Amino acid sequence: MSIKRNTGSIIGGAILIVFGGLALLGQLFRHFDFWGTFWPFIVVSFGLMFFVGMFLGGKSTAGLAIPGAIITVIGLQMFLQNLTGYWETWSYGWTVILFSVGLGIFIMGAYNGNTNTRSSGVRVMKIGAILFVIFGAFFELIFSAGGLRQLFFPAALVVLGVYLILSRSGLLSRRSKETLDQPQTPTPPQVPPTS
């Protein structure tokens, strides 16, 4: 019971520190629109609280990594959108949420030491990244006026196509299997020179 009480106090204290720190910075830098620029970090801090709860709760609370990753990544995405003013990226930004679910599953598996969960997380992250490139290319190439995104998404489509061809043809899995099958030559022990 005292562990749960301590966990709540730590999380509550961390929230107060984040809000107090942001308010203090807002007062110190009045000439700079601090709140207008950095408000997404309030969302990020809520996401990070899930990770604090996970670490304080032990391995049984590893599932907190999933909502923690989702909320943290959404906050970081909103920060980038806030900096650029390009909120239209939500048309394909939802794929980042799918990617963050995979990231949360991966972190949960890493925290528990479960390799199956980690590999499941990697698979979900791959799906999210693939959908990000596909939908991002669709919306940016058809509806965007130009800019660096006009170069990024066509290049990302080429890289994605090469990856899919290599992975489906088995070339990637064969190459990684060959490196695993190669015998490791042991290095001879170092003998210190005698004087």
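This is a predicted model: local features need pLDDT of at least 70, side-chain atom pairs count only at pLDDT 80 or more; totals for chains, interfaces and linings use all residues.
Okay, so helices here are DSSP runs of H or I with at least four residues, numbered from the N terminus. Residues are numbered from 1 along each chain as its sequence is written, and side-chain values use heavy atoms, with hydrogens and water left out.

Let's start with the pocket. A pocket is an open set of points on a 1 Å grid over the protein atoms alone, where a 1.4 Å probe fits, with protein on both sides within 12 Å along at least five of seven lines; lining residues have an atom within 4 Å of a point. The largest one is lined by 13 residues, and nearest its centre sit Leu80, Gln81, Thr89, Tyr92 and Phe132. Which helices each supply at least two residues of that lining? They're H4, H5 and H7, which spans 149-169. H4 gives the largest share, 4 residues.

Rings of Phe, Tyr and Trp (its six-membered ring) pair if their centres lie within 6.5 Å; planes under 30 degrees apart are stacked, over 60 edge-to-face, and the rest tilted. That rule gives 4 aromatic pairs. Take Phe41 and Phe79: their ring centres are 4.7 Å apart and the planes sit at 55°, so the pair is tilted. It links distant parts of the chain, with Phe41 in H3 (residues 40-57) and Phe79 in H4, 38 residues apart.
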